[in-house]
Amino acid sequence: MRIIAHLDMDAFYAAVEEQRDPSLRGRPVVIGADPKDGKGRGVVATCSYAARKYGIRSAMPITRAWRLAEAARRRGEPATLFLRGDHALYRQVSARIMALVALQADAFEEASIDEAYLDLSSLPDFEAAEASIRAMKALIREREGLTCSAGIGPNKLIAKIASDFRKPDGLTVITHDHVQAFLDPLSIRVIPGIGPKTAAFLRARGIATVADLRLVDSTQLVEWLGKWGHDLHARARGISESPVSNDWERKSVGEQETFEQDTLDRTFVLERARVMASHVFERMRADGFHGFRTATITVRFENFVTLSRSLTARSVVLTPDALIERVEQLFAPFFDERENPRGRRIRLIGVRVEKLARASDAPAITSSASAPRADGESSPPTS
Ligand code: TTP
Ligand code: CA
């Protein structure tokens with residue numbers, strides 16, 4: 001039987017800012033784009049729990065966050081501080097915490113800048129695991145002045161859902177025989193992989209909780225959702241076999257940029273895309289990878305419809321120029337009727353590399369590209 005823990009830092013970027021400047025503590029703090037007195041562009045990266053009380057959330061347009069903050073201020077509540085964010089600092093703090101935590105586990109997996117899985121299966125029981133995680137939380141608080149929320153369960157799926165169950169500074173332990181009782185009353189949204197669209201689809205069919213989902217048989221789920229239906233059938237039962245991987249590889253390196261003004265100026269957009277591609281390639285190298293196989297671009301139009309397109313090479317791509325070439329090829333259709341028949345202006349672009357390779361991984365040398373894979377998702381307006 002396995003014992004797996006998931007740690008997730010609380011309001012990570014905002015908490016790091018509060019730690020750097022204690023006068024911010026307890027105040028509404030938003031990290032993200034410049035709100036420019038309500039005329040800013042871009043989104044909220046994260047915000048402190050005090051700002052969440054105003055309804056502000058990650059990924060919300062910064063203009064909306066600004067309006068919520070203004071409304072709160074007019075009600076006489078504390079004013080909100082908007083910060084651009086210091087990603088180099090967040091990465092440093094993250095690296096220190098990860099190093100601290102990795103030492104304590106049989107296997108360790110860095111899942112994102114502020115989340116990690118730990119395999120604690122060599123401990124005698126869940127009580128010992130709970131004591132170990134409590135000690136880890138105290139250590140992180142002592143060394144970095146930061147709190148995190150943790151979940152312990154028989155697999156990664158349950159550990160992850162449990163860490164989100166009580167936030168901030170929570171610790172939730174779900175032993176094997178309590179998995180179903182824990183999951184059943186929860187919203188289907190707690191299951192990783194169920195986003196707003198799948199949730200709406202399922203709710204329209206009367207499926208709102210994990211208990212509801214568990215009653216749907218797998219052929220029905222597969223009919224509705226394709227192969228992912230199988231996986232979902234297992235997840236509704238709290239089943240997940242995926243290992244905590246010791247030799248963790250970050251799955252992608254990417255960046256995106258919201259333009260000051262929506263534009264269809266091809267020269268401008270492609271120049272930004274080239275700069276972004278070079279930067280992404282450099283960061284990938286700095287992270288210890290020598291190449292990638294998949295290049296992905298994202299385009300968000302003025303009406304917020306967002307499309308992604310990618311190219312996967314059969315062998316590892318090793319040069320920044322080869323990335324730039326792919327990025328140009330992927331963006332080209334967005335300036336004509338192929339991907340942009342209505343001539344919509346572009347609001348945001350992104351560049352990402354995936355299927356990353358370390359020098360020891362791959363025998364491959366060059367770059368024969370396969371056909372573009374249309375894996376983009378159109379999303380409805382978000383504001
Ligand atoms: P999260 O763990 O999703 O959020 P959080 O740590 O701020 O808050 P919580 O207490 O709910 O866990 O993300 C971790 C960091 O990643 C977050 O501090 C900022 C960054 N981030 C973005 O830049 N954009 C986003 O849309 C999200 C969700 C996070
Ligand atoms: Ca977090």
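This note goes through the nonpolar cores, the ligand shell and some local features of a predicted model.

1. Main nonpolar core. The largest nonpolar core has 35 residues, and L7, F12, I133, I140 and L146 touch the most other members. Strands β1 (4-9), β2 (29-32), β6 (115-119) and β7 (148-153) each supply at least two residues of this core, as do helices α1 (12-20), α4 (87-102) and α5 (126-144). The largest share, 7 residues, comes from α4.

2. F12 is one of the residues that touch the most other members of the largest core. Leaving out residues up to four places away in sequence, F12 touches Y90, V93, S94, I97, I113, D114 and L146.

3. A5 in strand β1. A5 is found in strand β1. Its relative accessible area is 0%, so A5 counts as buried. Although A5 and Y117 are 112 residues apart in sequence, their C-alpha atoms are 5.6 Å apart in space. Not counting residues up to four places away in sequence, A5 touches A116, Y117, L118, L120, I133, G151, I152 and A159. Of these, I133 is also one of the residues that touch the most other members of the largest core.

4. Polar contacts of ligand 1. An oxygen atom of ligand 1 lies 3.0 Å from a backbone N or O atom of Y13. A polar backbone atom of A45 is 3.4 Å from a nitrogen atom of the ligand. In the side chain of D114, an N or O atom is 3.0 Å from an oxygen atom of ligand 1. The protein buries 70% of the 560 Å² that ligand 1 exposes when taken alone. D114 is also in the list of residues that F12 touches.

5. A11 has a positive phi of about 40 degrees although it is not a glycine. A11 is found in the loop between β1 and α1, and it counts as buried because its relative accessibility is 9%, with the limit for buried being under 20%. A59 also has a positive phi, of about 75 degrees, and is not a glycine. A59 lies in the loop between α2 and α3 (62-74). At 57% relative accessibility, A59 counts as exposed, since the cut-off for exposed is over 50%.

6. Cis peptide bond. The peptide bond from K167 to P168 is cis, with omega near -10 degrees. P168 lies in the loop between α6 (156-163) and β8 (171-173).

7. Helix α11. Which residues of helix α11 (residues 228-236) are buried? They are G229, L232, A234 and A236. The buried residues of α11 pack against α7 (179-183), α8 (196-203), α9 (210-214) and α10 (218-225). Just after α11, G238 takes a positive phi of about 75 degrees.

8. E127 in helix α5. E127 has its place in helix α5. Is E127 buried or exposed? E127 is exposed, because its relative accessible area is 65%. E127 and T175 are 48 residues apart in sequence, and their C-alpha atoms are 9.8 Å apart in space.

9. E328 in helix α13. E328 has its place in helix α13 (residues 320-331). With a relative accessible area of 28%, E328 is partly exposed. The C-alpha atoms of E328 and V269 are separated by 9.9 Å, while the two residues are 59 residues apart along the chain. Leaving aside neighbours within four places in sequence, E328 is in contact with L270 and R274.

How values were computed
Residues numbered from 1 in each chain as written. Chains lettered and ligands numbered in written order. Predicted model: local features only at pLDDT ≥ 70, side-chain atom pairs only at ≥ 80, totals over all residues. Heavy atoms only, no water. Core = buried A, V, L, I, M, F, W, Y, C linked by side-chain atoms within 4.5 Å. Buried < 20%, exposed > 50% of the residue type's maximum accessible area, 1.4 Å probe, protein only. Helix = DSSP H or I, 4+ residues; strand = E, 2+ residues; numbered from the N terminus. Contact = heavy atoms within 4.5 Å. Polar contact = N/O pair within 3.5 Å; in protein donor to acceptor, adjacent residues only side chain to side chain. Areas by Shrake-Rupley, 256 points an atom, 1.4 Å probe, with all protein chains shown as cover.
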